[in-house]
Amino acid sequence: MATSDLFGPASSPPLSTPVAVAERMAALRAELQAHGHRYYVLDEPTLPDSEYDRLFKELQALEATHPQLLSADSPTQRVGGKPLAQFASVRHKVPMLSIRTETDTESTGAKNFDARVRKELGLTANDPPVEYVAELKFDGLAMSLRYENGVLVQAATRGDGEVGEDVTQNIRTINQIPLKLPSRSAGPPQARLAALGSVEATFPPAVLEVRGEVYMRRADFEALNEKQREKIGQGAKNEKTFVNPRNAAAGGVRQLDPAIAAQRRLSFFAYGLGEVTAPAQGGPDFNTHFELLQTLKSWGFPVAAQVERAQGAIELISYHQRMGAARDQLPYDIDGVVYKVNSLALQRQIGFVSREPRWAVAHKYPAQEQLTSVLAIDVQVGRTGKLTPVAKLAPVFVGGVTVTNATLHNEDEARRKDVRVGDTVIVRRAGDVIPEVVSVLLEKRVQDAPQFTMPRQCPICGSDAVRLEGEADYRCTGGLFCAAQRKEAILHYAHRRAVEIEGLGDKLVEQLVDANVIRTLPDLYKLGLTALASLDRMADKSASNLIDALEKSKQTTLPRFLFGLGIRHVGEATAKALARYFGTLDAVMDATEEQLIEVGDVGPIVAKSLRTFFEQPHNREVVAQLRACGVRWEESEEGRPAAAAPRLLAGKTFVITGTLPSLSRDEAKDRVEAAGGKVAGSVSKKTDFVVAGAEAGSKLLKAQELGLVVIDEAALLALLAAAAD
């Protein structure tokens, strides 16, 4: 609904009477609250930010001019309080009880709870299943919000369940929490009802305590820590990064300065009630917990979309499994699910035991974070030469498995977290994610523990380990020699776009390397029928075909050979440019960085990578052995400067998708590159042409969405012909 629909034209005439001012301020508050609900709770904004800001500033101006009309429920008052000296205590009228926790398997936990409920209700096996409500168990901070006559007057932490802390000023900074609820006199905001699809209004009672969880979304948590890292990098004292979203949220709620709390970008989910008193004219009469949650939602409170009704233990088990599978994809952390008997009458019948309701239980997932100690820090070498520091840990059960290793990612990350041998650390494992060290407990650090430093030589082959400018990782430069990179180097060399060895695939390379038949690339050309025939599932005919393919691969081209060496940052187009410019392999190998940069497709990073590769004696030795084995190509001794790209396609980027009538994708790519264009693998705003064939899929759709030029094969051939003229 546009502003003018509610209040007339955006530029209203001056307000001439106090009544008009009060009405305008009330209207502005109502609309800002409605649009804030759409934006922060429903995630369906309908008002441009600029228009929201204009209305907000108008309300601020009116409140400044007429302070006697300022209302505590105004959106402008979310961050308006002064810092507190300390928090006041709040005694809960209705205690905030804890819920029994189950940590059994997904089936046992639900079955045990259902069995207890059915026993309490005196049900037999012939009776129908009990209806439950299944909810997420948020990993945050329990909170009680008290509303009197529809206005938020107090927010209190759980504390010990009987007495908590008054954190009202901080909770008012959470945009998802309504400051004012719909009232019978004013009626609910029409924009909110329209957004909810509601046709009838249910109004809150005179006193309403809403119970829920304050939490922090993962994206907001990462943004907060990024800001903290920037402050630390700039030399700020007494600053730190936060261990997890829960700690950051709890710390935000307990800030004495609400302005600091507002910077945490906290969120809220409602899941129950505390004290409730009905108005004189009657109030909502809930029959089920699910109905209660939907009513809270209609009053403007955020309620998790994953709330479901479940019939009996079987559907509870299904819910536990589905939420566990989706856990890592949620935008916030959960540590389990909660089951509640849906009928409020049955809840009252079942009652409580000690300080726990018998009609509810929390069914937790395996913890994703645990404490352990660092026994050593090793450096692993990946198949592409990347060096990764790995913390060797005292075994710890986390995320459902026993963990003994955790990645430190790279030297910068290891230094930032300052992980050292002997440290006590928090380890996290979420789903199938590789375990990682979250943080160090500095107070438990062993004195004089040395700081970790990345080795400057590969721990596998001894080649130099280098870190190129602008990159976070160190990499081994012995690509053709390093045992850790052996399989990847062979597969890349044998690729059809490189030297091409037909029949040499992943499984065969794995057998050859694991059996120690091949140690370096030249060993390929020393293979005999006897060695191949001894491998699993290698028939004489297959072995003979591979020998023929190896012999055929000896006759190649300089661009293919250069690309096949697997030099970092040297793709097909760069290899072609190098071959055109220098003419011979020796000239490429001996070129300085300055000479390499003169090649049109080579920049400082590629030049540095080339020099680093060819400065390693191991790599030069492998190249020499390949030549000695008979690998050959035509060379131009003179060499020549790279020809200027044809004017028509210079700097033009193509994406090829679908099946073309006569050209394969590789052929089309070669012809575009030969004409001076570039071929990319994905569509973006920088794409100049999308060449679409039969059964073109998502790339074509994206191109159409972006309004890019889409052509077929005939248009491509015409374009190439024009470029050649």
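## Exercises on a predicted model

Helix 10 (residues 289-298) lies across strand 7 and strand 8 and runs at about 110° to strand 8. Helices (H or I, at least four residues) and strands (E, at least two) are DSSP runs numbered from the N terminus; axes are lines fitted to C-alpha atoms, for helices over the stretch in contact, with angles from 0 to 180 degrees between N-to-C directions, and contact means heavy atoms within 4.5 Å. This is a predicted model, in which local features need pLDDT of at least 70 and side-chain atom pairs count only at pLDDT 80 or more, while totals for chains, interfaces and linings use all residues. Residues are numbered from 1 along each chain as its sequence is written, and side-chain values use heavy atoms, with hydrogens and water left out.

**Exercise 1.** Determine the strand order of the open sheet and identify its edges.

*Solution.* Step 1: the four strands follow the order 5-4-7-8, with antiparallel pairing; two strands pair if DSSP finds at least two bridges between them. Step 2: strand 5 (151-157) and strand 8 (267-277) each have a single partner strand, so they stand at the edges and one side of each lacks a neighbour in the sheet. Step 3: on average, neighbouring strands of this sheet are turned by 25° against each other, direction ignored.

**Exercise 2.** Describe the pairing of strand 4 with strand 7, and name the helix that lies across strand 4, strand 5 and strand 7.

*Solution.* Step 1: eight bridges join strand 4 (residues 141-148) and strand 7 (residues 207-215) in the antiparallel sense. Step 2: leucine 145 has valine 210 in strand 7 as its bridge partner. Step 3: the helix is helix 8 (residues 245-253), running at about 40° to strand 4.

**Exercise 3.** Locate histidine 569 and glutamate 695, and state the exposure of each.

*Solution.* Step 1: histidine 569 is in the loop between helix 18 (558-564) and helix 19 (572-582), and its phi is near 75°, a positive value in a residue other than glycine. Step 2: with a relative accessible area of 33%, histidine 569 is partly exposed; buried means under 20%, exposed over 50%, and partly exposed in between (1.4 Å probe, protein chains only). Step 3: glutamate 695 lies in the loop between strand 23 (689-692) and helix 25 (698-706), has a positive phi near 60°, and is exposed at 79% relative accessibility.

**Exercise 4.** State the average pLDDT of the chain.

*Solution.* The chain averages 84, and 88% of the residues score at least 70; pLDDT is the predictor's confidence in each residue, from 0 to 100.
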